[in-house]
Amino acid sequence: MREQLTALLKERQGEYVSGEQLSRLLNVSRTAVWKHIQKLEEEGYKIEASRKLGYRLVDSPDQITLTSLLPRLTTERLGKSVKLYDEVDSTQNIAHKLAEEGAPEGTIVLAERQLSGRGRLGRTWLSPKGRGVWMSMILRPTIPLPYTPQLTLLTAVALCRALRRLTGLEIGIKWPNDLLIDGRKISGILLESSAEEERLKHVIVGVGISVNLDKQHYTEDMLDRVISLKMAAGRSFDRSEIIAGFLAEYEAVYALYEQEGFAPIRSLWEALSVSLHKPCKLTTPQGIMEGVPVGLADSGALLLMLQDGATVPVFSAEMG
């Protein structure tokens, strides 16, 4: 029914179609039409309603398809297997299951919509249909288990470099892995690992990018903290192009890490960071710490200079 309704509205996009006419063409009640209109709006369609004129389709969410995505991929390792879903609870959950079943490194899980997307520290992640990039990737790195946090910083570097190149926006990294535009978050990164007897089995790299969300997709209290690429640039972006560009950058940075270790990744991260050399307050499991971040340690920990001049590594904290 919704497919028929969508087709009718698209045939006359920009023009009003009365509820009575839609009711007659679809052979349903006007109340049923209204309910289906609400469902379409939940899926990302922008529809204007007028009591006198009816309904007018203003904007439709674009759709990621394998036909549009796969020809754009230039990678050799990442994205050779792509699983694309319309709606899932979380791409992380599906990727974990695939990894346990033996899926190869570089397997990608994409969804048009997540019902239970999650970010760091158990937070939920807003994932409306057709508006962003909601994806997870399986990695099987041959690194010691304690080095796993370095991959979080590597992911932030790859995503930041890719998005700066693709959008022209001044995007920076807030420690450890938030991407910001003028202090507002545009992306979330979540790495989850699986280990056995101190051996790293696999890592799931979760990435959420707010690409084409509009102001109305956010609650009023969120707007001073978050933003989308579309809102920042004043134009929409092709999500398949964003995915392909990110994977290409990730493969290059990941290869650099495998060949030369963490040192070049640390330099790239520090160059893109908006957190360094500014006084900050960190909320750690042990309590509040105040100081000035001065760089990254070889381990990937944040080096925090305290008020007494001592420098200490911080492995896990929330930066205020």
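Let us begin with helix 9, which spans residues 263-272 in this predicted model. Which residues of helix 9 are buried? They are Pro 264, Ile 265, Arg 266, Trp 269 and Leu 272. The spacing in that list deserves a remark. An α-helix has 3.6 residues a turn, so residues three or four places apart point the same way. Please keep that rule in mind as you look at the helix on the screen.

What covers these buried residues of helix 9? The cover includes two other helices, helix 6 (149-167) and helix 8 (239-260). Strands take part as well, among them strand 7 and strand 12 (287-296).

Strand 7 covers residues 172-174, and Lys 174 lies within it. Is Lys 174 buried, exposed or partly exposed? Its relative accessibility is 21%, and the cut-off for buried is under 20%, so Lys 174 counts as partly exposed. Leaving aside residues up to four places away in sequence, Lys 174 touches Leu 180, Val 274, Ser 275 and Met 319. With Met 319 there is a further detail: a polar atom of the Lys 174 side chain lies 3.1 Å from the backbone oxygen of Met 319. By way of distance, consider Leu 98, which is 76 residues from Lys 174 along the chain. The C-alpha atoms of Leu 98 and Lys 174 are separated by 31 Å.

Lys 129 sits in a loop, between strand 5 (108-114) and strand 6 (132-139). Lys 129 counts as buried because its relative accessibility is 17%. What does the side chain of Lys 129 make a polar contact with? The partner is the side chain of Asp 86, at 3.0 Å.

An open sheet is formed by 5 strands in the order 14-13-12-11-15, with antiparallel pairing. Its edge strands are strand 14 (311-314) and strand 15 (318-319), each of which pairs on one side only. One example is Leu 304, whose bridge partner in strand 14 is Val 312. In a regular strand the side chains alternate between the two faces of the sheet.

Strand 2 (residues 46-50) and strand 3 (residues 54-59) are antiparallel and share 5 bridges. They form a hairpin, with 3 residues between the two strands. Ala 49 stands opposite Tyr 55 of strand 3.

Finally, let us consider the chain as a whole. Its secondary structure comes to 9 helices and 15 strands. The C-alpha atoms fill a box of roughly 75 × 45 × 35 Å along the principal axes. How many of the 320 residues count as buried? The share is 50%. Among contacts between residues at least 6 apart in sequence, 62% join residues at least 24 apart. The chain exposes about 15700 Å², of which carbon and sulfur atoms supply 49%. As for charge, there are 39 positive and 40 negative side chains, and the centres of the two sets lie 6 Å apart.

Note on methods
Residues numbered from 1 in each chain as written. Predicted model: local features only at pLDDT ≥ 70, side-chain atom pairs only at ≥ 80, totals over all residues. Heavy atoms only, no water. Helix = DSSP H or I, 4+ residues; strand = E, 2+ residues; numbered from the N terminus. Buried < 20%, exposed > 50% of the residue type's maximum accessible area, 1.4 Å probe, protein only. Contact = heavy atoms within 4.5 Å. Polar contact = N/O pair within 3.5 Å; in protein donor to acceptor, adjacent residues only side chain to side chain. Pairing = 2+ DSSP bridges. Areas by Shrake-Rupley, 256 points an atom, 1.4 Å probe, with all protein chains shown as cover. Lys, Arg positive; Asp, Glu negative; His and termini not counted. Charge placed at Lys NZ, Arg CZ, Asp CG, Glu CD.
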